[in-house]
Every structure is written in C-alpha cells, then in structure tokens.
Amino acid sequence: MPAKASRAAFGEALIELGAKDERIVTLDADLSKSTMTAGFAKKYPGRAFNLGIAEANMVGIAAGLALTGRVPFACSFACFIVGRFETIRISVAYTNANVKIVGTHVGVAIGEDGYSQMGLEDIACMRALPNVPIVQPADEVETKQAIAYAAEHPGPIYLRLTRQNLEPVCPPDYAFRLGRWCLLRAGSDVTLIATGGTVFNALEAAKLLEREGILADVINASSIKPLDEEMLGRSASKTGRVVTIEDHSVAGGLGGAVAEWLAEVRPTPLKRIGTTTFGESGDPRGLYAKFGFDPAGIARSVAKFLGR
Amino acid sequence: MGDARLDAIARACRVQIIRMLTHAGSGHPGGSLSVIDVLVAIMFGRLRHDPTRPDWPERDRIVLSKGHAVPALYAAMAAAGYFSDDALITLRKLGSPLQGHPDRLALSGIEAATGSLGQGLSVALGLALGAKLAGSPSRVYCVLGDGEIQEGQVWEAAMSAPKLGQPDHPVDNLTVVVDYNRIQLDDFCAKVLDLEPVVTKWQAFGWPVIEIDGHDMGQIAKALDQAEATKRTPTLIVAHTVKGKGVSFMENNPEWHGKAPKPAQAISAIREILGVTEAGWDAFVAADTATAAIVDELRRLDAK
C-alpha cells in the first residue's frame, strides 16, 4: 500500500460513508481543495457547504445542523478551525452538538507555508474541553477506520489530519478503537509513543536504536484523548522510560497528556519530543531534521535520554 | 395596537424576571426587561412547540443569542409550562438547571448554549438549514443583542445567510430580531462603539429589514408575519426597545445592565410593572394572593 496523506484518506472515506449515511454533510471555509472534501462536494453537492473564509460561522452552522440530526464534518486547517476556539467551546462542546471537527495541515510537516499555517497548539486547546475526544490517525487504513468511527460517535470529536503522505504502519488485522493504542513493535528498554506523522519515524528510529542494543516498545497513540491508560501503564512499568514524539507543541500535546498521567499514576522518567518554538518555512524533510522528528533525530534524543 | 393577552403574559413575566434576579442576587435585568415583549410575542403568539415534548423534532426553535437575558426566556418558558414558577428562584443557584446563561444540557427546551456573544446567529442558521434539509416545517427565531452585533462572527453569519442553502434550501424559515435597547455593559452603545447605521448595514448584507417598536405587540406580530411571508431569504427585525422597560429607575440606565435589585427595590419594581400607585399598593397586595406571596418571599429575603 503506497503512502497517503491522512487528509486524502479522509476525503475518500467521506465519499464512501456519504453513500451509506445520508446524515453526513461537510462544511468548509474556502479550503475544500486542501482539506480534501472537494470530492464529497462534487459527489453530493446538496450536502456540502462552503461558508467562505469565516471559520467561526462555519463551526456555529455545523452545530445547528448537528442539532437537527445531520452529522456535519466541519473542516479547515487545524490552526484556523481550532483558532475559533471560543465558538467550538460554546456552540459545539458546551452545547454538546454532534460536530466532527476536522483539522488538517498539522505540524511543521506542512513545510514551505511556514508557521502561520501550521497546527501546533490545536491538541492543547481541544484537550481542555471535557467532552471532545481527539484522534490523530497514523496511516490510510487507520484514517478510514477513524473517520467511520467519528461518524458514529455520539457527540463532538476532533480529528487531526496531515498534509503529508504517511507510510503504512498499522498491522493487517488492525481495528481502530477510541481509547486504544496499538503496539507496533515490542522492546524492553524504552517506550516510544508517537502519533500521526511521527509514528513511522518512531518505528524507523527503533530500528536505529536496536543497532545500539536499545530495544524499544513503539506505540501508535492515535487516541490522544482519551489515552490508552492500560497500555501506557503496562509499557511504562516494563521499560521504566517513556518518550513521546509528536509534531505539535510539547505543552499540552500528547507529551503533556502522557506527562500528566505518569506523574499522577505511575511516576516514570519522561522525554517529550515536540515543538517548543514557533515553526518556520522550509522543506518538510529539512524541518523534520531540524526539529528532531526524523528517525536519526528521534534515535539521538532517545539514546541521550537513556544516558547512552 | 396592542394585544391584551400577550401584554398580560409579558407583564407577569416581568414580575418573574425581577423576582428571580432578586433571589439570585446577580444577573441582567435591563436586557431581560427590554426583550421580554419580543420573546412573549414569539413564544405565545406563534411558536409551534410542546413544553411536554421539548425534543419534538419538528418544533420551532428560539435561540437567545444574547444569553445574558435568559431570565426573560426562563420566565416565558415557565409561563408556557416547561417548568413551575417556583423553579425560577433557583436561578444561578448551585445545582439549578437555570444556569446564569443558557445551558442546553441542563435544561430541556434550551436549544443552544449561548452567552458568549456573537455565536447564536450561526447556530440558528444551522438549525434553519437543517430543518430545510430534513423537509421539516420548523421555524427558527434568533434574538440578538444590539451591543452583540459588535462581534465579528455576527457579520460572518450575516454575510452567509442570504446565500446559505440556495437554491434548493434557502433559510427563509429564520427570523432574527435585534433587541435595540441602545445600551451595553459599559455604557450607551453610541459611546462604546456606535452601531449605526444598523438598518443599512444589514440591508447591505442582503437582508430585508423591518423596524418596529419592540414593546408594541401589534407591531411585533405584524413584523413576525411579514418575516414569515418573506421567501428565499431570512428576515431581520430591528426592535427598538427600552432597556429596563417597565421599571422607571432601571429604564435607559446603563447601571442596570448587570445588577440585581435589592428586595425593596424589587417590590417597587413589581408595583410599577403591575401599574399600581404607591397609595393603592397595600390594598392591591391584600387582594392579590399571587403577588402577595411574591412580595412576602422578597421581604423574607431582605430579613436574611
């Protein structure tokens, strides 16, 4: 299976789900070609609404549609849609409107467009809402399953999707479940927990670390909220060292969530790999190297963390 | 031209607004008193709803975007039978479904959480569009505050509304009312950030606009009729109102935007709302057990 962006898999999944589920509608804010809902709009023109460059209004309309029984997917770049946080907070979350909030173009991986277009704080914002799960799939198979799940999930949910292609990482028998992570590789010395675009690189980093005699558990944490506390606890107890890897700010992101849980429940040494600065323009590969999200960078951070 | 039945309901709701805010010790009397006539005209004049079945899918819906005026909505809902008048004095108290601003999950009959200003029109547009997509006859009423239209999201919604759902599902099932009482929290709107020209702004965004006296039941009814008869576009009604309407010391006074009356002030307010002179008050209360109970309850509050 070739690499595919999760936004592209999302667009395909919507078209398939839309045929079976009349309730599904899409809302966009002039980025439907980028969020990949344009295909759905072409196939079901009466069920796709482009509200122009006005994300707050789009989110509010999605809430109203949800309250009349539609299943709206409200889509934009993660930074723009979550940037309308106050509308999400009241019209969607507090109202408990069944809106699927889709944020694409996450992380420094979008590259050349630079920081203003990068979703780097969206997880932190959305995590603070009490009733909104957060899902970031790691490849095409998982994306399609996660979108199908989201359509059935009874309430708001936040989906975090990438612009860049994602290599397949899920096992053949994979079945997405909210709150369940997937152990992709078993080790004993350290636990690597990655999400979305960094999962494949974490697996590659584990191969590099193996050459140095470091055996890593590699976990795909697609369910950022809720965490898979059982797997986190089990792996942390086994290895005694945890590293989180995400293309998002370490403050409030997956790393923040894992840190909070470990500190309260199972104190374990932790290294969080993610952004601590603004992003910048550049080629995606170069940016991943600069931010230490490439396999070599991850392996280096892990080895240092383990004192090797 | 008035409407004696609606005027009487609105008068009773005004008494309840004063009563509940006084018991709560906080809240927003000015904007509740300015908007109550419009709310009563909608809820008792035309809303297709069933208080015993608040989740009836084909019901008409009210979105009170100026959520701080929710005492007015609670008073109207109690009058319509959603819950008892006694529940009104739990407003803002721990554990009460009558939250300080509308909470859809806490209270059946509330259509959307509001109170963070600027959001209700977008939700109302979604409700109206959703009704059209479902082939439902449901009509949506959205009430905006005047100061609220300083929020940018209102204009995103205003710009999108005339085009939304076209050509098959235009949201002509939406009526929007601006409660134009000319006062916001800090001061008169004209001093904080002038809204004028309100009518031509909305017209420029493609809306038919009707201007009325928002305390005249006849004018409100006529405007609501006209809005319902308008096809292919939602309608905006600019309701010119008086903040604190019905209570002389609250009228047109920014001080009463967000302050609850003390029990003695509340009793004076209720007397004025009921149109009774000071000289005739004791005799009136002696003859009217319902008012007597409210007054007695307020006096006990003062003694606490």
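Into which domains is chain A divided? In this predicted model, chain A falls into domain 1, spanning 4–166, and domain 2, spanning 182–303.

**Figure 1. Contact between the two domains of chain A.** The C-alpha centres of domain 1 of chain A and domain 2 of chain A are 25 Å apart, and the contact between the two involves 27 residues of domain 1 of chain A and 31 residues of domain 2 of chain A. On the side of domain 1 of chain A that touches domain 2 of chain A, the elements that give two or more residues are helix 7 (122–127), strand 6 (134–135) and helix 8 (140–152) of chain A. Helix 7 of chain A provides the largest share of that side, with three residues. By class, the residues of domain 1 of chain A on this side comprise 15 nonpolar, six polar and six charged.

**Figure 2. Overall dimensions of chain A.** Chain A contains 13 helices and 14 strands. Its radius of gyration is 18 Å, close to the 19 Å that the globule rule gives for 308 residues, so chain A is as compact as a globular protein of that length. Along the principal axes, the C-alpha atoms of chain A fill a box of roughly 60 × 40 × 35 Å. Of its 308 residues, 59% count as buried, and among the contacts in chain A between residues at least 6 apart in sequence, 78% join residues at least 24 apart.

**Figure 3. Overall dimensions of chain B.** Chain B has eleven helices and five strands, and its C-alpha atoms fill a box of roughly 60 × 45 × 40 Å along the principal axes. The radius of gyration of chain B is 19 Å, which agrees with the value near 19 Å that a compact globule of 304 residues would have. Buried residues account for 53% of the 304 residues in chain B, while 76% of the contacts in chain B with a separation of 6 or more are between residues 24 or more positions apart.

**Figure 4. The interface between chain A and chain B.** In this view, 23 residues of chain A are in contact with 23 residues of chain B. The elements that give two or more residues to the side of chain A that touches chain B are helix 4 (55–67) and helix 6 (85–94) of chain A, and the largest share, nine residues, comes from helix 4 of chain A. The residues on the side of chain A that touches chain B divide into ten nonpolar, eleven polar and two charged.

**Figure 5. Packing of helix 2 against helix 3 in chain B.** Helix 2 (residues 29–45) of chain B packs on helix 3 (residues 70–80) of chain B at an angle of about 35 degrees, with the axes 8 Å apart, and the crossing of these two helices is right-handed. Helix 2 of chain B contributes Ser32(B), Val35(B), Ile36(B), Leu39(B), Val40(B) and Met43(B) to the contact, and helix 3 of chain B contributes Pro71(B), Ala72(B), Leu73(B), Ala75(B), Ala76(B) and Ala80(B). Sorted by class, the contact of helix 2 of chain B with helix 3 of chain B has eleven nonpolar residues, one polar residue and no charged residues.

Figure 6. Most residues other than glycine have a negative phi, and most peptide bonds are trans. In chain A, the peptide bond from Lys225(A) to Pro226(A) is cis, with omega near 0 degrees, and Pro226(A) lies in the loop between strand 12 (223–225) and helix 10 (229–239) of chain A. His105(A), although not a glycine, has a positive phi of about 60 degrees; the residue is placed in the loop between strand 5 (100–104) and helix 7 of chain A, and His105(A) counts as buried because it has 26 C-beta neighbours inside 10 Å. Asn252(B), also not a glycine, has a positive phi of about 60 degrees and is found in the loop between strand 5 and helix 9 (263–273) of chain B; with 16 C-beta neighbours inside 10 Å, Asn252(B) counts as partly exposed.

**Figure 7. Surroundings of Thr230(B).** Thr230(B) is in the loop between helix 8 (217–229) and strand 5 (235–240) of chain B, and it counts as partly exposed because 15 C-beta neighbours lie inside 10 Å. Leaving aside residues up to four places away in sequence, Thr230(B) touches Asp172(B), Pro208(B) and Thr235(B).

How values were computed: Residues are numbered from 1 along each chain as its sequence is written. Chains are lettered from A and ligands numbered from 1 in the order in which they are written. This is a predicted model: local features need pLDDT of at least 70, side-chain atom pairs count only at pLDDT 80 or more; totals for chains, interfaces and linings use all residues. Helices (H or I, at least four residues) and strands (E, at least two) are DSSP runs, numbered from the N terminus. The radius of gyration is taken over C-alpha atoms; the globule rule is 2.2 Å times the number of residues to the power 0.38. A residue is buried if 20 or more other C-beta atoms lie within 10 Å of its own, exposed if 12 or fewer, and partly exposed in between; C-beta atoms are placed from the backbone. Two residues are in contact if their C-beta atoms, placed from the backbone, lie within 7 Å. Axes are lines fitted to C-alpha atoms, for helices over the stretch in contact, and angles run from 0 to 180 degrees between N-to-C directions. A crossing is left-handed if the near helix is turned anticlockwise from the far one by less than a right angle, and right-handed if clockwise. Ala, Val, Leu, Ile, Met, Phe, Trp, Tyr, Cys and Pro count as nonpolar, Asp, Glu, Lys and Arg as charged, and the others, Gly among them, as polar. Domain bounds come from an automatic or database domain assignment.
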